[in-house]
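Please open the structure in your viewer and keep the selection tool at hand. The tour moves from one selection to the next and says what to look for at each stop.

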Amino acid sequence: MSNGPAYSEILERNQRWVAERTAEDPAFFASRVKEHKPRYLWIGCSDARVPADMITQTDPGEIFVHRNIANQVVPTDANILAVLQYAIDVLKVEDVIVCGHSECGGVKAAVTGGAPAVVDNWLMQLRTVARLHDDELAGLPDDERVTRLVELNVREQVYNLSRTPVVQAAWARGQRLTLHGLVYRLDEGLLRDVGVTMDGTPAAAMAGAASGNGAAAPAPRPLAGARAG
Ligand SMILES: [Zn+2]
């Protein structure tokens, strides 16, 4: 038996939500029509337990969202590249968040195998991340390996993001744009910053290299004090 209300109940809940929001603020919906200028782009996992707006308590209009299995930034994925370009070049978001989460089925499948063929193919890059960090991961029991790979994956995806042509071009023209990596804990509901914030400022230190990626890329650097919680 799957979780979730009956389909008809979804429509009823929608009507109740509209009534409640309108009671709080009669102009709420009219004000959404006027503009679409979200501050954030969220790149998260498709996992139903990690709803971007609910866990960040943001309103419609504040977060532009892209989700895929295991929150990956794959440089050949036309979908995410289009989302990135629209978010950064047109909407002018100021912050991009990559959010992974504990107990991620995609990360687990990359470690233990067993995903259906198409999903398994999508996890190819995640297995590369695992291989990059094999020395560290090999010594861990399965559950800890998943937990650690969730964080390493977020770090690598922020790094991948920093290397996309859209992000590089935004930084080159001086557009304000900061990249962040978060991990969400299902069992406690809390978000934690993994300390890979990049804002395109030229500096020697580079989060991707620090996480083991090793490439000598220009520009991105970690900001101090990014770890929270
Ligand atoms: Zn997941």
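## A tour from strand to core

Begin by selecting S4 together with strand S5 (residues 191-193): three bridges join the two, and they run antiparallel. Strands here (E, at least two residues) and helices (H or I, at least four) are DSSP runs, numbered from the N terminus, and two strands pair if DSSP finds at least two bridges between them.

Before going on, note that this is a predicted model, in which local features need pLDDT of at least 70 and side-chain atom pairs count only at pLDDT 80 or more, while totals for chains, interfaces and linings use all residues. Residues are numbered from 1 along each chain as its sequence is written.

Within this pair, select Val183, which stands opposite Arg192 in S5. The hairpin of S4 and S5 has six residues between the strands, and Gly189 in it takes a positive phi near 80°.

Is S4 buried or exposed? Six of the seven residues of S4 are buried, so this strand is largely enclosed by the rest of the structure. A residue is buried if 20 or more other C-beta atoms lie within 10 Å of its own, exposed if 12 or fewer, and partly exposed in between, with C-beta atoms placed from the backbone.

Next, select Val98, Val107 and Val158, which touch the most other members of the largest nonpolar core, a set of 47 residues. Such a core consists of buried Ala, Val, Leu, Ile, Met, Phe, Trp, Tyr and Cys residues joined through C-beta atoms within 7 Å. Among the elements that each supply at least two residues of this core are strand S3 (95-101), helix H5 (105-112), helix H9 (142-162) and strand S4 (178-184). H9 gives the most to this core, with eight residues.

For the next stop, show H5 beside H7. Gly106, Val107, Ala110 and Val111 in H5 meet Leu126, Arg127 and Ala130 in H7, where contact requires C-beta atoms, placed from the backbone, within 7 Å. The two helices pack at an angle of about 65°, with their axes 9 Å apart; the axes are lines fitted to C-alpha atoms over the stretch in contact, and angles run from 0 to 180 degrees between N-to-C directions.

Finally, show the whole protein chain, whose secondary structure comes to 11 helices and five strands. Of its 229 residues, 33% count as buried.

Key: Contact = placed C-beta atoms within 7 Å.
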